[in-house]
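Welcome! Here is a short tour of a protein model for someone meeting it today. Please have a look at the sequence and the structure first.

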Amino acid sequence: MVVQIPLKYKTSSGAISAVISSILEARNLIIICGAGVSVSAGIPDFRSSQGLFTTGALSKDLLDANVWKTTTKASSLCKTLAQMHQKCSQASPTPFHLALKMLDEEGGLLRVYTQNIDLLESKAGLSFGIPQMHSLQEMPRCIPLHGTLETLACIKCCYQSPLHLHVSTLATGCLPLCPACEQIEHERRMSHKRPRASGTLIPTIVLYGQTHPAGDNLAQAILSDADGDYTKAKPDVLLVAGTSLKIPGVIAAVHKFAQVVHSQESRSEYRSIYLDKKPPSSKWDDVLMLGSQVTYRFLLNI
């Protein structure tokens with residue numbers, strides 16, 4: 001059974017109250033969210049009718065891992081990311097993001113896994129970041145799956161720098177040189193050593209086809225949450241919001257958590273909830289609708 005509530009019924013359906021109750025009553029709620037939850041903050045998504053890919057404002061090939069190898073594409077992406085950084089910096093958390101903080105304060109939120117790079121979850125007050133393997137017991141409440149627009153990192157060394165310091169350079173279509181590499185090169189020249197090329201700083205976002213630098217940490221965090229390693233209880237409700245579920249890693253995470261929430265007893269009427277303007281592909285029915293449970297496709301303008 002799948003319940004669909006058209007937009008015009010969003011304030012009058014009793015089913016919405018049941019969905020909200022399931023979220024509020026969850027003891028270990030997992031949320032996986034995408035670009036759709038930030039649209040009302042003025043940050044465009046990618047695949048909707050007004051999305052960056054759909055309107056042609058951003059070509060998908062600019063988000064390929066090989067983009068930095070092509071001068072013209074790299075220049076275009078630099079300019080785009082400078083604009084995106086400005087939008088993200090000016091944006092405020094949406095009601096959705098503020099609700100995440102409320103759920104956290106109420107104690108029912110286990111984890112938020114966000115595909116977004118805008119840092120709005122952090123602005124809303126959630127602890128935020130990549131978990132460290134040696135301290136998974138103290139994981140941040142929100143984990144970014146695809147990096148953020150907060151920092152730049154050198155492609156040759158481990159140096160990192162706040163992105164906001166280099167927006168003007170990115171806006172010209174150029175990647176800034178790594179100051180740590182430049183310092184080393186200065187010292188080499190002073191010692192009459194053979195010069196070497198300095199590294200450049202690139203945004204710490206994860207592109208298509210790129211191996212996530214903290215992939216092992218993320219995989220371990222997902223498995224730990226799914227198995228209830230540190231809460232002593234497994235997730236009981238899964239909320240998937242604002243995403244069209246196209247990214248392989250996100251698909252795998254949704255599969256994992258959906259299996260977990262439907263494998264145990266729960267007091268929630270709805271265990272897996274999909275929140276977006278449009279329903280997901282029908283191929284998700286068997287994933288989100290396990291056993292006799294109800295998946296609720298919650299079609300609201302986030």
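The buried residues of helix H3 are covered by parts of the protein that include helix H5 (120-123), strand S5 (147-154), helix H6 (167-171) and strand S7 (201-205). Contact here means heavy atoms within 4.5 Å. Helices (H or I, at least four residues) and strands (E, at least two) are DSSP runs, numbered from the N terminus. This is a predicted model, in which local features need pLDDT of at least 70 and side-chain atom pairs count only at pLDDT 80 or more, while totals for chains, interfaces and linings use all residues. Residues are numbered from 1 along each chain as its sequence is written, and side-chain values use heavy atoms, with hydrogens and water left out.

**Helix H3**
- The buried residues of H3 include Ala 74, Leu 77, Cys 78, Leu 81, Met 84, His 85 and Cys 88; buried means under 20% relative accessible area, exposed over 50%, and partly exposed in between (1.4 Å probe, protein chains only).
- H3 (residues 71-90) has 20 residues, so at 1.5 Å a residue it should span 28 Å, and its end C-alpha atoms are 29 Å apart, which agrees.
- The expected span is 1.5 Å times one less than the number of residues in the helix.

- Helix H9 (residues 248-261) reaches 20 Å from its first C-alpha to its last, close to the 20 Å expected for its 14 residues.
- Within H9, Val 250, Ala 253, Val 254, Phe 257, Ala 258, Val 260 and Val 261 are buried.
- These residues cover an arc of only 160° around the axis, which puts them on the same side of H9; the arc is that of the directions from the helix axis to the C-beta atoms.
- Thr 243 lies in the loop between strand S8 (237-241) and H9, and it counts as buried because its relative accessibility is 6%.
- Beyond its neighbours within four places in sequence, Thr 243 is in contact with Ile 32, Gly 34, Gln 115, Tyr 274 and Asp 276.

**Met 102**
- Met 102 sits in helix H4 (residues 95-106).
- With a relative accessibility of 33%, Met 102 counts as partly exposed.

**The whole protein**
- The protein holds 10 helices and 10 strands.
- Of its 302 residues, 49% are buried.
- Among contacts between residues at least 6 apart in sequence, 70% join residues at least 24 apart.
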